[in-house]
Amino acid sequence: MTRKNRLDIGWGVFFFLFAILVWILVPHQIPVSARPTAMGPRFFPRVISIILGFTSVGLIVNTLLRHRKEMRNGSQQRPDLQQQPDEQRQERPPAATKSLMRLFNRETLKGELRALAVLITMTAYAILMPVIGFIISSALTGAVVLVILGTRKWYHYVILFASVYLIYYIFRFHLYVQLP
Amino acid sequence: MLLENVLTGFNNVLNLNVLLFINVGLVLGIVFGALPGLTATMGVALFMSLTFGMDPIVGISMLLGIYCGGIYGGSVTAIMIKTPGTPASAATVLDGYTLAQKGHAGKALHMALVASTIGGIFSALILLFVAPQLARVALRFGPPEYFALAMFGLAIIASVASKNMFKGIMMGCLGMYISTIGLDEIGGMPRLTFGHTYLAGGVKLIPALIGLFAISEILNKVRVGEHAIEVRNTFVSERISLKEFARSAKTIFKSSAIGTFIGAVPGTGAAIASFLSYNEAMRSSKNPDSYGTGNLDGIAAAEAGNNGVTGATLIPLLTLGIPGDSVTAVLLGALLMQGLQPGPGLFRDFAPIVYTIMVGMIFVNLFMFLQGNLFVKIFAQVAKIPVKLLLPILIILCATGAYAENNTMFDVWMMFLFGILGYILLRNDFPVAPLLLARILGPLAEFSMRQSLIISRGSYAIFFTRPICLFFIVLTVLSIAFAIFKKDVIPEMAGPGDNEG
């Protein structure tokens with residue numbers, strides 16, 4: 001099964017369980033008002049849970065059907081390829097492409113790590129902002145993100161710091177927002 | 001009455017502040033549109049917080065400038081570096097880039113500008129004359145009609161906005177859950193707040209949409225990194241001749257009409273409009289083989305089509321309060337922030353502002369033409385701006401924007417949370433537009449349904465005995481049926497980002 005299909009089934013299961021969880025939470029988290037109305041506050045969240053539950057199952061079934069179709073197509077194609085060995089040879093990637101693909105995979109991993117690093121930086125930003133103030137925390141965060149993105153040009157940092165002050169200036173003195 | 005309101009609109013637009021900020025918005029929009037990975041939607045979401053302290057007319061005009069500029073700006077990079085700045089300009093690459101390769105970059109850019117402007121103005125005029133009529137009808141809507149309308153909006157959006165209908169509906173459900181958090185509007189009881197006082201007011205729209213449409217895209221951009229630009233066309237100062245314009249005039253007007261029609265239908269978007277216009281121009285052409293080889297007509301069709309959407313998307317937004325795509329959903333957030341609740345009431349209570357917005361759309365397009373003519377050489381260089389430098393600045397701007405509305409760090413946390421959610425969902429091919437739209441339409445659907453049932457004393461017949469209500473319920477059913485069979489009608493053209501403007 002392809003990675004995409006596995007992931008889709010995983011998401012289907014996840015959302016199905018999520019729908020059940022909300023269904024269970026509804027009586028605990030939503031008190032019913034003393035004045036009875038035609039349709040209480042619990043009705044809508046419950047209906048959404050039912051719809052989400054059904055569509056999650058739908059996603060799982062749909063993915064399984066897609067998987068079966070892919071398998072069938074795959075097994076149909078194989079004998080064709082066997083009949084035409086030349087074409088098959090052409091489609092197989094040469095060694096150079098393979099090493100390029102490996103490099104690409106390393107690049108993707110690097111990308112994932114970069115995104116994770118920026119995510120952690122953003123969390124730190126939200127924690128630090130009330131403690132050390134908007135200007136310093138923003139300048140620090142921006143600089144760290146630039147480092148993560150691998151920028152070495154000094155004037156990029158200068159432009160960043162100027163922008164931080166400009167944002168502060170506009171919000172503080174023109175929009176009258178009391179930034180921390 | 002209409003003429004009087006239109007004149008008031010003109011009067012309000014012809015104000016130095018409004019004109020200035022329309023132009024500021026256009027520059028920002030064109031830069032955002034031209035930079036690959038940054039979309040018009042993201043531009044509007046980011047700069048929305050800047051309009052918070054502004055006069056509503058000035059603020060909204062600036063955002064409309066960003067919107068229209070963003071859709072046009074995508075064509076610049078499509079022509080110069082073969083990378084559409086926004087998904088809406090993907091069709092422009094086909095002929096625009098090829099023509100530029102032949103040494104006519106100036107001509108391609110000029111045709112894109114002319115077609116975009118005509119498409120935009122055509123759409124703005126339709127908006128100006130259709131919206132008030134529709135609003136007059138909508139004024140008679142009661143709770144049952146609003147319920148049916150919200151269901152129609154939800155159904156069409158969840159089903160059309162995604163390649164995979166199940167995923168679209170699932171995201172709609174998630175958005176509806178989020179909309180139920182907070183105090184229940186009818187009973188006044190807290191729902192799904194887990195005892196958290198901040199959540200009693202519900203999940204705020206602005207931090208959620210900045211997170212979903214800006215932070216998630218920034219994280220994605222960080223992950224992908226900057227692709228080396230393989231080939232860059234050299235800019236040549238050149239314009240299309242009157243003869244060339246006359247030859248493409250038919251295509252431009254036809255595509256403007258297609259774009260306008262598509263734009264008025266919720267759940268579509270600029271990318272679909274530009275591909276449909278392109279296909280139609282090619283189909284009806286005497287020389288279809290010349291498309292894709294640098295045909296000016298191809299550029300004209302794609303660009304008149306995508307900018308033709310801009311005014312028309314405001315029709316359902318302003319008259320019914322139903323946003324048709326993600327960028328109008330963000331605009332709805334901006335209107336709400338200014339205390340303007342979109343819907344027929346807007347035409348009754350805030351007529352001068354609504355007419356100014358609609359007349360403003362015409363001016364936005366006129367200034368776009370002017371700016372495009374004057375600064376095309378500079379815009380052609382926009383792709384050289386290092387996105388690496390922009391990303392940290394955008395993160396800071398997002399945080400400031402989320403904080404600004406209520407002066408609380410809780411909103412900043414919310415924004416980051418939605419950013420992470422959006423990033424994870426996008427990576428797994430879940431469309432985020434239905435989530436946001438359900439967050440907006442969910443309360444309308446629930447509130448109006450419960451109100452209707454109070455009126456009818458619990459009888460569901462109220463939804464099937466009123467003609468307008470029945471009409472929308474039939475439309476809802478038809479749109480779901482269309483979504484199930486759509487693969488036969490509209491091939492998958494624009495990918496998952498087709499609703500991202």
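## Helix H8 of chain B

Gly225(B) comes directly after H8(B) and has a positive phi, near 75 degrees. The model described here is predicted. Helix H8 of chain B covers residues 205–224. Its 20 residues should span 28 Å at 1.5 Å a residue, and the end C-alpha atoms are 28 Å apart, so the two values agree.

H8(B) bends by about 35 degrees at Gly211(B). The helix is mostly covered, with 18 of its 20 residues buried.

## Chain A overall

Chain A contains 6 helices and 0 strands. Along the sequence its pattern reads α-α-α-α-α-α. Of the 180 residues in chain A, 34% are buried.

The contacts of chain A can be sorted by sequence separation. Among those between residues at least 6 apart in sequence, 56% join residues at least 24 apart. The accessible surface of this chain comes to about 11,700 Å². Carbon and sulfur atoms account for 66% of that surface.

## Salt bridges around Asp8(A)

Side chains of opposite charge can pair when their charged atoms come close. Over all chains, the count comes to 14 salt bridges. Asp8(A) takes part in one with Lys4(A), where the closest N and O atoms are 3.2 Å apart. Both residues lie in helix H1 of chain A, which runs over residues 3–29. They are 4 residues apart, about one turn of the helix. Asp8(A) has a relative accessible area of 2%, under the 20% limit, and therefore counts as buried. Lys4(A) is at 38% relative accessibility, between the 20% and 50% limits, so this residue is partly exposed.

Asp8(A) also forms a salt bridge with Lys167(B), with the closest N and O atoms 2.8 Å apart. Because Asp8(A) lies in helix H1 of chain A and Lys167(B) in helix H7 (residues 165–180) of chain B, this pair joins two chains. Lys167(B) is buried, at 1% relative accessibility. A network of salt bridges links Lys4(A), Asp8(A), Arg66(A), Lys167(B) and Asp429(B).

## A salt bridge within chain B

Glu446(B) and Arg191(B) meet through their side chains in a salt bridge, at 2.8 Å from N to O. Glu446(B) belongs to helix H18 (residues 433–455) and Arg191(B) to strand S2 (residues 190–191), so the pair ties together parts of chain B that are 255 residues apart in sequence.

## Cysteines and disulfides

A disulfide is a covalent bond between the sulfur atoms of two cysteines. Over all chains, the structure holds 0 disulfides. Cys173(B) is at 5% relative accessibility and Cys398(B) at 0%. Buried means under 20%, so Cys173(B) and Cys398(B) both count as buried.

Methods. Residues numbered from 1 in each chain as written. Chains lettered and ligands numbered in written order. Predicted model: local features only at pLDDT ≥ 70, side-chain atom pairs only at ≥ 80, totals over all residues. Heavy atoms only, no water. Disulfide = S-S within 2.5 Å. Buried < 20%, exposed > 50% of the residue type's maximum accessible area, 1.4 Å probe, protein only. Salt bridge = Lys/Arg side-chain N within 4 Å of Asp/Glu carboxyl O. Expected span 1.5 Å × (residues − 1). Bend = angle between axes of the 7 residues up to and from the residue. Contact = heavy atoms within 4.5 Å. Areas by Shrake-Rupley, 256 points an atom, 1.4 Å probe, with all protein chains shown as cover.
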